[in-house]
Amino acid sequence: MDDSWQATKKGDGPVAIRGWYELSERTFARHLNVAAIPVGKALADVLLIAGGDDAL
């Protein structure tokens with residue numbers, strides 16, 4: 001993770017950290033392929049869940 005990211009809190013809700021992940025993807029883009037998890041080759045059952053509007 002890119003430690004240069006600064007959280008910006010809006011209102012009384014939780015701090016959204018999506019920007020931290022996006023910054024880290026850009027910062028460490030050359031490492032993304034090596035960090036990929038080949039789920040297509042998994043020998044066990046895999047359940048992937050993703051949120052559509054999750055900023056956390």
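**Close-up views of a predicted model**

View 1. Leu48 is exposed, its relative accessible area being 65% (exposed means over 50%, buried under 20% and partly exposed in between, with a 1.4 Å probe and protein chains only). This is a predicted model, in which local features need pLDDT of at least 70 and side-chain atom pairs count only at pLDDT 80 or more, while totals for chains, interfaces and linings use all residues. Residues are numbered from 1 along each chain as its sequence is written, and side-chain values use heavy atoms, leaving out hydrogens and water. Look for Leu48 in the segment after α2 (32–35). Together with Ile37, Val39 and Val46, Leu48 forms a nonpolar surface patch with about 420 Å² of accessible area (patch residues have over 30% relative accessible area and no salt bridge, and nonpolar side chains are joined within 5 Å).

**View 2. Asp2, a buried acidic residue.** Asp2 lies in the segment before α1 (18–27). Asp2 is buried but has no salt bridge (a side-chain nitrogen of Lys or Arg within 4 Å of a carboxyl oxygen of Asp or Glu). Its nearest side chain of opposite charge, Arg26, is 7.7 Å away. The Asp2 side chain does make a polar contact with that of Ser4, at 2.6 Å (a pair of N or O atoms within 3.5 Å, one able to donate a hydrogen and the other to accept it).

**View 3. Glu22 on its helix.** Glu22 sits in helix α1 and counts as partly exposed because its relative accessibility is 34%. Glu22 and Met1 are 21 residues apart in sequence, and their C-alpha atoms are 9.7 Å apart in space.

How values were computed. Helix = DSSP H or I, 4+ residues; strand = E, 2+ residues; numbered from the N terminus. Lys, Arg positive; Asp, Glu negative; His and termini not counted. Patch = residues over 30% accessible without salt bridge, like charges linked within 9 Å, V, L, I, M, F, W, Y side chains within 5 Å. Areas by Shrake-Rupley, 256 points an atom, 1.4 Å probe, with all protein chains shown as cover.
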